Amino acid sequence: MNKTRIIELRQAQGWTQERLATESGIGLRTVQRLEAGEDASLETLSLVAEALRVSVRDLFFAIDDAGLISRVDSLDNRTHQQQAARDRITGAWRWLYIGIGVVLTLVSFTFAQGLVLFLGYWIGGTMILLAIRRLYLEPHLDEKYPLSRARSSRRARRQTHDTAQPPLNDQLASRQKQ
């Protein structure tokens, strides 16, 4: 049997079972079954791991089943590969935008009304790039790389995690008082 650390990880976040169910997008009863040690699909485990911001392997104290070890390792490997590919594509779009901006900035200095071109590109172009990213690029990358996440969603998840959880020193101090 593979003993999980889900209870420990959930409590370290200061979350209830209901909060973990909401954050991971699974049912409360599924969280209760996982914490009771029942088996779950890799998809369910990956949703819980993502919510808790750990790898699937980190959900377990030890994995006894060799088949599960290879599937978890394979999932972790695919997740890292898909995230790297997604980051390369979004980085390429960002550098394309910057490169065009540098060229237009240099060209704008040769015109009498160059300031209009300069401001038009950097302000208007930023809004257009953000719209393209949200309306086309991110949905396309979500479909192509389902195990990866956009940097903005990772940042938002990290910020909500940081504001929802008191600092570790406060947690340790409150546990010592009990």
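User: What does Ile-69 touch, beyond residues up to four places away in sequence?

Analyst: Ile-69 touches Arg-57 and Ile-63. These count as contacts because heavy atoms lie within 4.5 Å. This is a predicted model, where local features need pLDDT of at least 70, side-chain atom pairs count only at pLDDT 80 or more, and totals for chains, interfaces and linings use all residues. Residues are numbered from 1 along each chain as its sequence is written, and side-chain values use heavy atoms, leaving out hydrogens and water.

User: How far apart are the C-alpha atoms of Ile-69 and Arg-57?

Analyst: Their C-alpha atoms are separated by 8.2 Å, while the two residues are twelve places apart along the chain. Ile-69 itself sits in helix α5; helices are DSSP runs of H or I with at least four residues, strands are runs of E with at least two, and both are numbered from the N terminus.

User: Is Ile-69 buried, partly exposed or exposed?

Analyst: Its relative accessible area is 27%. Buried means under 20%, exposed means over 50%, and partly exposed is in between (1.4 Å probe, protein chains only). Ile-69 is therefore partly exposed.

User: What makes Ser-108 buried?

Analyst: Ser-108 has a relative accessible area of 2%, so it falls under the cut-off for buried. This residue is also in helix α5, which covers residues 66-108. Not counting residues up to four places away in sequence, Ser-108 touches Gly-114, Leu-117 and Phe-118.

User: Which backbone oxygen does the side chain of Ser-108 reach?

Analyst: The side chain reaches the backbone oxygen of Thr-105 at 2.7 Å. A polar contact is a pair of N or O atoms within 3.5 Å; within protein, one must be able to donate a hydrogen and the other to accept it, and residues adjacent in sequence count only if both atoms are side-chain atoms. The 2.7 Å of this pair is within that limit.

User: Why is the pair Arg-10 and Glu-35 called a salt bridge?

Analyst: A salt bridge needs a side-chain nitrogen of Lys or Arg within 4 Å of a carboxyl oxygen of Asp or Glu. The closest N and O atoms of Arg-10 and Glu-35 are 2.5 Å apart, so the pair qualifies. Arg-10 is in helix α1 and Glu-35 in helix α3, so the pair links distant parts of the chain, 25 residues apart. Both ends count as buried: Arg-10 has 10% relative accessibility, and Glu-35 has 12%.

User: What does the salt bridge of Glu-138 tie together?

Analyst: Glu-138 pairs with Arg-86, with the closest N and O atoms 2.5 Å apart. Glu-138 lies in helix α6 and Arg-86 in helix α5, so the bridge joins parts that are 52 residues apart in sequence. The structure holds eight salt bridges, and one of them joins Arg-5 and Glu-8 at 3.0 Å, N to O.

User: Which residues have the most contacts inside the largest nonpolar core?

Analyst: They are Leu-20, Val-48, Leu-52, Val-56, Leu-59 and Phe-60, in a core of 20 residues. Helix α4 gives the most to this core, with five residues.

User: Which residues make the nonpolar surface patch?

Analyst: Trp-93, Ile-128, Ile-132, Leu-135 and Tyr-136 make a patch of about 530 Å². Patch residues have over 30% relative accessible area and no salt bridge; like charges are joined within 9 Å, nonpolar side chains (Val, Leu, Ile, Met, Phe, Trp, Tyr) within 5 Å. Tyr-136, at 48%, is partly exposed and so passes the 30% limit. The largest share of the patch, four residues, comes from helix α6 (residues 114-144).

User: How many helices and strands does the protein chain have?

Analyst: The protein chain has eight helices and zero strands. Buried residues make up 29% of its 178 residues.

Key: Areas by Shrake-Rupley, 256 points an atom, 1.4 Å probe, with all protein chains shown as cover. Core = buried A, V, L, I, M, F, W, Y, C linked by side-chain atoms within 4.5 Å.
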